[in-house]
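Please work through the following exercises with the sequence and the structure side by side, trying each task before reading its solution.

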Amino acid sequence: MLTRNPKTKSSLQILQDSVKWHHMAHKVNSLLDAYSGLLSNESMILAVNSSFVDPLLQFESQLKIIESSFGMLVVMPSLDKVKEMGSSYEYIEDMENLYHNILNIYENILTSLVSKDLYKLQILKEMLVWMSKDSSYLQERIMVIINKVLRFTVTKVRKYISVDAPCLGLLAAELSLLCSHEDPSIVKQASLGMCHLLYIARCQNDIGTNKPTNGKSHSLQFPSSDVEFLPKEFQQDESKIAQVSKIVDAIYRQLCDNNCMKDVMLQVITLLTCTSPKKVIFQLMDYPVPADDTLIQMWKAACSQASVAPHVLKTILLILKGKPGEMEDTVTEGKRFSLDITNLMPLAACQALCTFLPLGSYRKAVAQYFPQLLTTLMFQVFYNSELKPILKDRALYAQDALRVLLNCSGLQQVDITLMKENFWDQLSEDLCYYHGVCFIAKTLSEYNFPQFPETLSYLYKLSVEGPRRSEDTVIVLIFLTELLNNFFKDPLPEEFLVLFINWINDSNPVVSRLILHRIVHMSPIINKTENVSSILIAILDAFLSKDDNVVLQALLTLRRLLNELDKVTYSLGTRIGSSYCTLMDHINGGIRSMAIRHFGQLVRDMRQYTWMVNDVVLEGLVPLILFLEDDDKRVAEACKYTLKICTSQLKWSTSRLLKDENYSFEMVVLNICNNLIISHRNYITDLTSDTLRFLWSPRTYLKRASVILIGYLAKSGGHLLLRDEIEVMLDVIERLLRDEDPMIKQLAEITYDIFKKKAHKLTSAPLKQNFQKLLKLFYIKKLKPLYNYNSPNGQIDSPTDSKDVKNDKAL
């Protein structure tokens, strides 16, 4: 007989155990399903982890598996309920081991993923999002798993000089939300996780100080369970704290209360800025100006990493597109957090730049964005100078930031020179800021600032795209043209010439006038440009501007260019002369006189081009004659000056009659018409037509002068007129017979009689008419005085003259 092994269970016991385990399996089916499911998922993740699949696809597939595994966990019964199912200690112990094994498998999966790639810490962030959608009992246990993975990561990163974990900011944001959880155990785990994150962040991009090398735990103190990151009014409704902006504001309030977690919370700002620099910086710029010490500390925390410097500066530049004091419903980033709809964010951004720019970690980014910063800050200085009564002491922030930019960009000498010239003090007081912009550009040029190429390129890009405000355009225009004038001695590049033409045609008269003025100073390099005729044509177009200042400046600019141009460019002479003629009748006396004088200078300059200049002279002859009688002495003198040049060019003996001691309007007209009969009789018809339009003028002196001129033209060349033309003349002159001015009526009677006689001759036999015309071709009879007209010497001619002039100005 075999001896029975005492350890061998009897058949009854085996049956009992089988029934027991069967009963157990039935009750904890969900645990067994989770266990087997996690083992399967672990195998798949490890297989993908060691494959050569594209990293992005690898991550997406693993994330789906992790989410599936997470779903298995949250449907398991709680450990307390599992224990209630058992009837013996052994059963309870087995179930508890199974339960913990399931959680350990999930933890092992996460650890294996993170050990291969720190980027997969993002999975922890996704877990927190999933957890926020589920209120199961497992929340605290999930937080424990997350902290174990983070602690493993801390151990891992100690071995490296620097690490790259770009998802830390998002993970920090999720943990910050949980720091206001109603369950103290979750708050504790979230705070602990934050400390782990901060340690990892210190290792990232070499931003930390010395790392521990003795294998001991890091020196960060874990927060107590009652630490709160957010104010109590937000604790009951987590939807109110869903945005990053609310987290930033909560941290600001806690820092204001001297919270013991100061360093930790400031490093949370650093982490958040790494992940969402635009959102964080926008929020930090939306606090009252000037910034208090707490806010400045948050600024320093936000800009502590060189890796985010470009993003921070780009966001600051975006904010600086705004104008302080503007009333805005929205800003670029959406609804603003503050209740104040007056936009003071640009002021805060300028103050913040004084903190950001000098940092060594920002040196590279400042160099990269120097042109944008320089230009934008000049805009802001101008805005602030306009709003100084409203902004008061805050108006100097942009000026301070501009000085900081110069000093941290290797341009200390520029700032020193500006200080010696007392420039900064004058800039804050001087109403003419445009002069200040020009002076800055000039000083930068004197020191040959090395950023010139990229600055010029940016200004050109900005000019082509077009700034949002007209004052921005003006500043860019001044700054760009001054730099070009100082750096370019060769012909101006063609692309800038096109830019100038666009500015000349700008809808804003300030821009047009300013570029025309700047072109005067740049004439030496503009005149060397091959396609200079294009800019001359643009200036001629500016003659048609409704703004008198633009027209005057266009006249001055064109004259300056013509003074220095090679005369070959006078191929445009006829067009230029015609443009002057259109201004000779301008309502503004200053424009009339300048156009007339410049017309004479054009004729003088073109005297060698006889075949061209004679046509130009005859085109402008009628207004030059009529405006000799202008009430504005400037215009009358300009006409005398120009007529001397024109009649000399035509070799007429008129100059002596234009001298003051010999001057008589009728004698000048008589002399010119006699010369026309001799040398240019074919133009008499055109000149008659030109004179006709002045008979309608509301200005008395013009009607008098035109009645006399058209009478002499008819007397000398009436035989060249057709019947219909003479009838039109008779109709117009007949109206003047009823004019309120007695002198006009008297002069009109003489002229009307001249045309009557011309009309009568046209009724004679055709053979007789042809004989008279042929006779006039060979026999020239000089005219004699017809009107005995004496000029009123610039006095108002009639009671209606003042009214007529006013009506004329309204036309």
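**Exercise 1.** Among the elements of the protein, which helix has the lowest mean pLDDT and which the highest?

*Solution.* Begin by noting that this is a predicted model, and that the mean pLDDT of the protein is 78, with 78% of its residues reaching 70 or more. Next, compare the elements: helix α41 (residues 801–810) has the lowest mean pLDDT, 39, whereas helix α33 (residues 621–626) has the highest, 95. Finally, look for stretches where pLDDT stays under 50: residues 14–20 are one of them, and the model has five contacts for them beyond four places in sequence, while residues 774–779 are another, with three such contacts. Where pLDDT is low, the predicted coordinates should not be read in detail.

**Exercise 2.** Describe how helices α30 and α31 are arranged relative to each other, and which residues bring them into contact.

*Solution.* First, take the axes of α30 (residues 573–583) and α31 (residues 589–605), which come within 8 Å and cross at roughly 155 degrees. Since angles over 145 degrees count as roughly antiparallel, the two helices are therefore roughly antiparallel to each other. The contact includes Ile576 and Tyr580 from α30, together with Ala595 and Phe599 from α31. Sorted by class, the residues of this contact are eight nonpolar, three polar and one charged.

**Exercise 3.** How many helices and how many strands does the protein have, and what percentage of its residues count as buried?

*Solution.* Counting the secondary structure gives 41 helices and zero strands. Of the 811 residues, 53% count as buried.

Methods. Residues are numbered from 1 along each chain as its sequence is written. This is a predicted model: local features need pLDDT of at least 70, side-chain atom pairs count only at pLDDT 80 or more; totals for chains, interfaces and linings use all residues. Side-chain values use heavy atoms; hydrogens and water are left out. pLDDT is the predictor's confidence in each residue, from 0 to 100. Helices (H or I, at least four residues) and strands (E, at least two) are DSSP runs, numbered from the N terminus. Contact means heavy atoms within 4.5 Å. Axes are lines fitted to C-alpha atoms, for helices over the stretch in contact, and angles run from 0 to 180 degrees between N-to-C directions. Angles under 35 degrees count as roughly parallel, over 145 as roughly antiparallel, 65 to 115 as roughly perpendicular and the rest as oblique. Ala, Val, Leu, Ile, Met, Phe, Trp, Tyr, Cys and Pro count as nonpolar, Asp, Glu, Lys and Arg as charged, and the others, Gly among them, as polar. Buried means under 20% relative accessible area, exposed over 50%, partly exposed in between (1.4 Å probe, protein chains only).
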